[in-house]
Amino acid sequence: MAISSHTAADESRLSLFIKEFNDYAIYLLSPDGIVNSWNAGAQRFTGYACDEIVGSHFSLFYTPDDMAVNLPARALQAAIAEGNFEDEGWRVRKDGTRFWVSVVIDPIRDEQGILIGFVEVMRDITARKQAADALHASEEQFRILIQGVTDYAIYLLSPDGNISSWNPG
């Protein structure tokens with residue numbers, strides 16, 4: 001199978017695609033975590049315009065709790081050691097609000113294998129997190145309700161007829 005060579009036009013189209021892609025934050029980091037590029041999705045999620053964030057350290061998006069355990073540095077080290085870093089967690093917007101993200105950080109190496117930086121791809125999955133949290137809260141309320149009934153025996157059966165839980169009644 002022949003591998004096509006990339007032209008300057010191909011690279012220009014790819015660069016434009018990444019820059020304008022709005023559903024994912026895609027940005028490049030230097031080896032020490034400084035933001036070197038910024039796309040439309042990153043601006044949409046974080047509220048930072050390109051000229052406000054390029055040159056800043058990417059730890060700016062992390063919560064104080066994550067900073068206390070040095071998560072940004074640990075993420076970069078894991079990306080180097082394991083070939084990538086994947087996580088879900090809270091990040092902080094320019095206005096201070098939080099959003100839940102799925103993030104992947106990959107190291108970028110030159111032809112000699114020397115680390116030249118990282119690419120971070122982030123997706124805002126706050127709505128999915130909120131739905132999962134609401135479902136968990138509803139299930140917990142139902143469990144508390146059932147456990148609070150003592151006048152009647154309430155139990156759950158598995159599909160094969162075995163008792164899987166019961167209340168004090």
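**View 1. Antiparallel pairing of strand 1 with strand 4.** Five bridges connect strand 1 (residues 25–29) with strand 4 (residues 115–124) in the antiparallel sense. Strands are DSSP runs of E with at least two residues, helices are runs of H or I with at least four, and both are numbered from the N terminus; two strands pair if DSSP finds at least two bridges between them. Within this pair, Leu28 stands opposite Val119 of strand 4. The model is predicted: local features need pLDDT of at least 70 and side-chain atom pairs count only at pLDDT 80 or more, whereas totals for chains, interfaces and linings use all residues. Residues are numbered from 1 along each chain as its sequence is written, and side-chain values use heavy atoms, with hydrogens and water left out.

**View 2. The hairpin of strand 3 and strand 4.** Strand 3 (residues 98–109) runs antiparallel to strand 4 and is joined to it by nine bridges. Val101 has Asp124 of strand 4 as its bridge partner. Five residues lie between the strands of this hairpin, in which Gly113 takes a positive phi near 85 degrees.

View 3. Asp66 lies in helix 4 (residues 64–68). The residue counts as buried, at 17% relative accessibility (buried means under 20% relative accessible area, exposed over 50% and partly exposed in between, with a 1.4 Å probe and protein chains only). Apart from neighbours within four places in sequence, Asp66 is in contact (heavy atoms within 4.5 Å) with Leu71, Pro72, Trp90 and Arg91.

**View 4. The backbone at Asn70.** Asn70 is placed in the loop between helix 4 and helix 5 (71–82). Although not a glycine, Asn70 has a positive phi of about 60 degrees. Most residues other than glycine have a negative phi. At 43% relative accessibility, Asn70 counts as partly exposed.

**View 5. Confidence along the model.** The mean pLDDT (the predictor's confidence in each residue, from 0 to 100) of the protein is 81, and 65% of its residues reach 70 or more. Where pLDDT is low, the predicted coordinates should not be read in detail.
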